[in-house]
Amino acid sequence: MSAALTNVFSWSKSRHGKFTECRRLYWFHYYGSWGGWDVVKASPEVRERYVLKNLSTRYQWAGNVVHAAIAQTLEAIRHGARPTFESVRQRTHELMRAQFRDSRKGTYRINPKRHPGLIEHELKWHVPDEVWRQNWENAALSLQRFFESDWPERARRLAPADWLPVDAVDSFLLDGIKVFAAPDLALREGEKLILVDWKTGQPREEDREQVQGYALFAADKWKVPPEQIVARLVYLGAGQEIDVDVAEGALDTFKEHFRSSVEQMKACLRDPARNEADMADFPCTDQRERCRQCAFERLCREALQG
Ligand code: SF4
């Protein structure tokens, strides 16, 4: 018999983002939807929140698909294959078309992890065909930029031992708290350990914090001092690459930010030791324009009108 899962407090950059954006959104994601994957045991309310929290906007969806296509391409290179841009582009296009049709039919309600669902379909927004086409073109451009960059060639030159494996849900402990961190690519080049994160959107300041967290993860996982780590943000959509400061001082600043974030999150809990939260302690945002773009809008409507 497998052990029952417990909702243990953890931290990630995206968790901090939701906490900052809207407390109610944060509660839906990390408490109100807990256990919603179990279609038999979850209450209809919990299941509904679970389905909604797994929806993506078309931009997030395109980014996820590009990440998966690059991960598969790198894995193929690691095994000696030479995938071409055309073959990956075509496969990705077919996948997006299939996922689009599935989402429009609402298949995500059966299994939102296996069948990605789009907020645009759930909220029945009218999105012109031209906008969907542009979303695909942006994804294709990101893939093209990846193939035109030196990353595929650098990957081909790697010895097997220089590929560093990262699980999609990898983590490390900071002050005893599980911190999720999963760079898109980790490799050794000589003395250096290179961490790479692909981005399909425009550069944002918080991306830097994310890869500083990855640097702490890498230092912990592969026992490498920060001065040997290079953390790079590769903005495929914008055609830009940025190295992020991961020197000791910058990582100390990250730790301060992490501690303050954890402290604020825990202060909202009814029972911090048991990670128990009550929805009443997590108010709706007063940034009402954010609600119009939110998958949970229907669930908040009454509270928002009050
Ligand atoms: S609809 Fe508004 S208040 Fe409700 S979770 Fe979304 S952003 Fe927060």
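Predicted model: local features only at pLDDT ≥ 70, side-chain atom pairs only at ≥ 80, totals over all residues.

Me: Why is L74 called buried?

Reply: The cut-off is 20 or more other C-beta atoms within 10 Å. L74 has 21 such neighbours, so L74 counts as buried. You'll find L74 in helix α4, residues 58-78.

Me: What does L74 touch, leaving out residues up to four places away in sequence?

Reply: A155 and L185. Being in contact takes C-beta atoms within 7 Å. As for I119, 45 residues from L74 along the chain, the two C-alpha atoms are 30 Å apart.

Me: What puts the buried residues of α1 on the same side of the helix?

Reply: The buried ones in α1 (residues 13-21) are K13, H16 and F19. They cover an arc of only 120 degrees around the axis, so they sit on the same side of α1. In general, an α-helix has 3.6 residues a turn, so residues three or four places apart point the same way. The cover over the buried residues of α1 includes α2, α9 (205-222) and α10 (248-267).

Me: Which residues are around the ligand?

Reply: C22, R24, L25, F28, C284, T285, R290, C291, C294, F296, E297 and C300. Two or more of the shell residues come from each of α2 (23-32), α11 (288-291) and α12 (297-305). With three residues, α2 gives the most.

Me: How do the residues of that shell divide by type?

Reply: Eight are nonpolar, one is polar and three are charged. Cys counts as nonpolar here, while Arg and Glu count as charged.

Terms used
Residues numbered from 1 in each chain as written. Near = placed C-beta within 6 Å. Helix = DSSP H or I, 4+ residues; strand = E, 2+ residues; numbered from the N terminus. Buried ≥ 20, exposed ≤ 12 C-beta atoms within 10 Å, placed from the backbone. Arc of directions from axis to C-beta. Contact = placed C-beta atoms within 7 Å.
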